[in-house]
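Hi,

Here is the structure we talked about. Have a look first, and my notes follow below.

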Amino acid sequence: MNRPVTNGEVVAEAALVLAVILGGSALSAWTGSIGFGVTAVVLALLLATYLLRRSGESWRDMGLRRPSGWGKAILAAVLTYIAMAATVGVAVPLALSAFGLDGPTLSQFAGLEGNLPLLLFFLGPIAWGTAAFGEEMVVRGFLLDRLSIVFAREHRAWGVAVAVQAILFGLAHAYQGVSGVVTTATLGLVLGIAYLKVGRNLWPVIIAHGVADTVSLIAIYLGALPTS
């Protein structure tokens, strides 16, 4: 399997993909629309696909391959979702409250409450499309792999790579405010650990991510999760 031959090339690849994602996040924060963030994920996915093919790799190498058993994969997804719910539902709010911070800014979803057509749109192309599949492929798949190469693929290197990708994942959600960055960085840490625990298979984290976003969007639709 052909791979980039120098750390410089790997860093450049990661930086390019990251720049696209962070650029979209900045535009989303500036305009108040998540459309730029969604578009950025799509562009980053296309760019990562090109870079993988250029180095003789595929998304299968990043973990988008059939699990050894779907039962185990679904169980891993359930456990990952429980860990996500526990951290974001309990641990993170307590930590934010201790520093006098409210929850993430969700004003971009203000029009979703009671709007069924918009809910269905968000659930399809966004929650399960660009978020569950797109973000997991780009961040947990491509970026985490590239970071692990930079850190020499040692045991500790994977730990550092997981921590770094979590921070970057949080920064990519800067349009949700400081609390949003902390919340999504924590989710990124949970998802990164889960990705490694299941042998770097993307399906459990894709499923867990999609379910988590689905629950959140339905909560906003029902008015149970405030957007202002």
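Which residues does L144 touch, not counting residues up to four places away in sequence? With contact meaning heavy atoms within 4.5 Å, L144 touches V139, W158, A161, V162, Q165, Y195 and L196.

Before the rest, a word on what you're looking at. This is a predicted model, where local features need pLDDT of at least 70 and side-chain atom pairs count only at pLDDT 80 or more, while totals for chains, interfaces and linings use all residues. Residues are numbered from 1 along each chain as its sequence is written, and side-chain values use heavy atoms, with hydrogens and water left out.

The overall picture

The chain has eight helices and zero strands, so described because helices (H or I, at least four residues) and strands (E, at least two) are DSSP runs, numbered from the N terminus. The radius of gyration is 17 Å, close to the 17 Å that the globule rule gives for 228 residues, so the chain is as compact as a globular protein of that length. That radius is taken over C-alpha atoms, and the rule is 2.2 Å times the number of residues to the power 0.38. Along the principal axes, the C-alpha atoms fill a box of roughly 50 × 40 × 35 Å.

Of the 228 residues, 44% are buried, where buried means under 20% relative accessible area, exposed over 50%, and partly exposed in between (1.4 Å probe, protein chains only). Among contacts with a separation of 6 or more, 77% are between residues 24 or more positions apart. The chain exposes about 11,100 Å², and carbon and sulfur atoms supply 69% of it; these areas come from the Shrake-Rupley method with a 1.4 Å probe, and for residues only the protein chains shown count as cover.

Inside helix α5

Back to L144: it is found in helix α5 and, at 0% relative accessibility, counts as buried. G141 is in helix α5 too, and G141 counts as buried at 0% relative accessibility. Leaving out residues up to four places away in sequence, G141 touches M62, E136, Y195 and L202.

Around α8

G210 sits in helix α8 (residues 202-221). At 0% relative accessibility, G210 counts as buried. It touches A127, W128 and A132, again not counting residues up to four places away in sequence.

Most residues other than glycine have a negative phi.

The cavity

How many cavities of 30 Å³ or more does a search of the whole structure find? The search finds one, and about 40 Å³ of space lies in the largest cavity. On a 1 Å grid over the protein atoms alone, a cavity is a set of points where a 1.4 Å probe fits but cannot get out, and lining residues have an atom within 4 Å of a point. Grid points are joined across faces, edges and corners, and the volume is the space filled by probe spheres set on the points.

The lining is L18, I21, V139, L143, L168, F169 and A172. The elements giving two or more residues to it are α1 (7-31), α5 (116-150) and α6 (155-171).

Cheers

Terms used
1 Å grid on protein atoms, 1.4 Å probe; cavity = no way out; pocket = protein on both sides within 12 Å on 5 of 7 lines; lining within 4 Å.
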